[in-house]
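Student: I'd like to talk through a protein model with you. Can you put it up?

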Amino acid sequence: FIIAEHNLRVRHCLMALPGTSKSDLTKIISHPQALAQCHTYTTKLGVRGEASYDTAGSAKMISEGKLKGVAAICSELAAEYYGLEILEKGIEDDPNNFTRFLLLRHEPVSIPAGVACKTSIVFSLENMAGSLFKALSVFALRDIDLSKIESRPCKPDIMARLERLYWSMGGMCASHTKRRRIEPAPAASGEGNHFRYLFYVDFLASVEEHNVSNALQHLQEITTFFRVLGCFPRGGSLVGLDNLGPGVTLPAVAAVKRKKRVGILGFGTFGQFIAKKLALEHDVFVTNREDHSSIASTCGVSWCESVDVLLDQRLDVLIIAVSILSFEAVVRSLSSSLKSRDAADGANRMLVVDVLSVKVHAKTTMLALLPETCDILCTHPMFGPQSGKHGWSGLAFVFERVRLNDARRCEDFLKWWDAQGCRMVDMTCELHDEVAAGSQFVTHFTGRVLSRLGLRTTPINTKGFESLLQLVDNTCKDSFDLFFALYKCNPNSAQQLQSIEDAIKDVSEQLRNNAATGLDGADRK
């Protein structure tokens with residue numbers, strides 16, 4: 001996010017080795033942009049320009065190489081640093097020469113009341129008559145002052161990815177009929193449509209203002225992609241006691257940030273595992289079919305007697321941590337409880353998160369059963385109590401934003417996992433299941449098969465054999481129901497099983513055939 005801007009007045013200087021005069025010059029070197037900004041000056045001077053990799057780098061080349069008759073165009077500071085003599089200052093063609101710098105941060109800043117703000121946004125539109133006029137009218141109708149509008153071409157394939165990301169984060173959620181893959185329009189009048197356009201707009205107001213909020217909501221109804229790039233103080237200010245400008249003060253004591261309220265439905269082994277860490281920074285509430293109230297107290301979380309009591313806790317996030325085979329029934333029951341509540345109940349607007357190791361099943365089930373007002377995030381923390389007992393750093397956390405009305409809440413939740421050191425993997429549920437069939441299912445299948453062989457440790461174990469014993473131990477600790485669910489609920493697993501069977505058959509036949517031909521060959525020798 002953009003949290004501040006600074007407009008730097010650019011003043012170019014002509015410099016060379018000490019003792020050099022303009023009449024001695026045969027060449028001027030600098031970055032192409034600096035040469036272009038001083039083109040009129042260098043033309044009048046009658047000295048040719050030559051592009052270099054950098055402005056300050058040009059001064060360095062002259063200084064270190066003792067290049068006589070060569071000048072550089074760069075800043076006054078570069079001349080001082082590299083010991084060059086300035087022949088003339090302010091040689092840029094345009095005296096109104098400014099470069100805008102932006103200060104970026106992973107999270108947006110909260111601007112105190114009374115600070116004049118600027119907001120930057122980017123959006124795209126369908127290629128149809130009047131679409132840009134309609135987009136800009138949302139600001140004109142509300143007297144919102146625009147300070148910049150700029151269009152930049154974007155290749156259709158890149159635009160399609162941006163739009164899919166926008167839809168996955170809840171874009172255009174008010175009208176699912178508008179969700180479609182936007183293909184390049186047919187060529188017209190012999191001209192190919194190789195680009196679509198992104199529109200960058202700055203306006204002089206804060207996103208917290210009521211009319212701005214309405215304008216942006218209106219804009220999202222007619223855009224195919226939309227994002228707020230940042231809301232920040234005007235005029236190069238940073239939010240802080242020394243940079244807020246006259247007449248603006250911060251409270252002496254910062255307000256205490258409200259803890260997010262997280263519910264966990266399913267307080268088994270994995271639910272308990274994540275609850276302990278979540279409770280360090282959240283208010284956590286849990287429930288389960290069996291009474292785990294004593295375990296809940298040792299984990300530092302609040303026990304709820306039923307799902308309805310859990311939903312009464314004004315949750316921001318609900319994590320469903322049940323088995324794959326029971327997931328659909330649990331979501332169906334949850335949906336029934338939500339529908340029995342008033343539509344304005346906060347439970348109907350929470351973020352619902354699953355942690356299943358099969359993703360398409362979770363995604364389709366939640367989309368089909370949960371109210372549209374509920375946000376949906378599909379996740380697969382690819383670790384558990386054993387692999388994560390020494391910390392989560394570097395362990396994969398796979399996720400897909402499926403449906404979002406409150407994108408910031410979802411991003412805050414994902415950032416928490418990122419802050420625990422997880423390796424965040426943004427992947428569609430479909431791709432996850434395709435990849436998992438070739439890794440997760442194969443691993444569990446191999447462990448189960450090897451366990452049937454009754455492998456035991458020996459006095460001459462190799463490292464490879466030790467790894468196989470560890471594989472058997474790790475996979476057989478999980479229930480057969482989990483193994484069966486990986487097969488039943490991931491359609492890719494059936495194909496993978498067939499491939500395994502074919503591979504075993506091929507390798508077996510190769511061994512037997514080679515054994516037979518090998519004996520014949522030995523006899524012939």
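Student: What share of the contacts with a separation of 6 or more is between residues 24 or more positions apart?
Tutor: In the protein chain, such residues account for 73% of those contacts. Contact means heavy atoms within 4.5 Å.

Student: What kind of model is this, and what are the ground rules?
Tutor: This is a predicted model: local features need pLDDT of at least 70, side-chain atom pairs count only at pLDDT 80 or more, and totals for chains, interfaces and linings use all residues. Residues are numbered from 1 along each chain as its sequence is written, and side-chain values use heavy atoms, with hydrogens and water left out.

Student: How many helices and strands are there?
Tutor: The protein chain has 18 helices and 19 strands. Both are DSSP runs numbered from the N terminus: helices are H or I with at least four residues, strands are E with at least two.

Student: And how much of the chain is buried?
Tutor: Of the 525 residues in the protein chain, 42% are buried. Buried means under 20% relative accessible area, exposed over 50%, and partly exposed in between (1.4 Å probe, protein chains only).

Student: Switching to rings. How many aromatic pairs?
Tutor: There are 13. Rings of Phe, Tyr and Trp (its six-membered ring) pair if their centres lie within 6.5 Å; planes under 30 degrees apart count as stacked, over 60 as edge-to-face and the rest as tilted.

Student: What about phenylalanine 270 and phenylalanine 273?
Tutor: Their ring centres are 5.9 Å apart with planes at 50°, so that pair is tilted. The two sit 3 residues apart in helix H8 (residues 269-278), about one helical turn.

Student: Are those two buried or exposed?
Tutor: Phenylalanine 270 and phenylalanine 273 are both buried. They also belong to one aromatic cluster with Phe383, Trp392, Phe397, Phe399, Phe413, Trp416 and Trp417.

Student: Which charge lies over tryptophan 392?
Tutor: Lysine 277, at 4.4 Å from the ring centre. The rule: NZ of Lys or CZ of Arg within 6 Å of the ring centre and within 35 degrees of the ring normal. Arginine 227 does the like with phenylalanine 1, its charged end 5.6 Å from the ring centre.

Student: Now H13. Which residues are buried there?
Tutor: In H13, they are Arg409, Cys410, Glu411, Phe413, Leu414, Trp416 and Trp417. Their packing partners include H8, E15 and strand E16 (351-354).

Student: What comes just after H13?
Tutor: Glycine 421, with a positive phi of about 100°.

Student: Where is lysine 66?
Tutor: In the loop between helix H3 (55-65) and strand E5 (70-74). Phi of lysine 66 is near 50°, a positive value in a residue other than glycine. Most residues other than glycine have a negative phi. Lysine 66 is exposed, with a relative accessible area of 59%.

Student: Last topic, H15 and H16. At what angle do they pack?
Tutor: About 105°, with axes 8 Å apart. Axes are lines fitted to C-alpha atoms, for helices over the stretch in contact, and angles run from 0 to 180 degrees between N-to-C directions. H15 and H16 are therefore roughly perpendicular. Angles from 65 to 115 degrees count as that, under 35 as roughly parallel, over 145 as roughly antiparallel and the rest as oblique.

Student: Which residues make the contact?
Tutor: On H15, they include Thr443, His444 and Leu450. On H16, Leu468, Leu471, Val472, Thr475 and Cys476.
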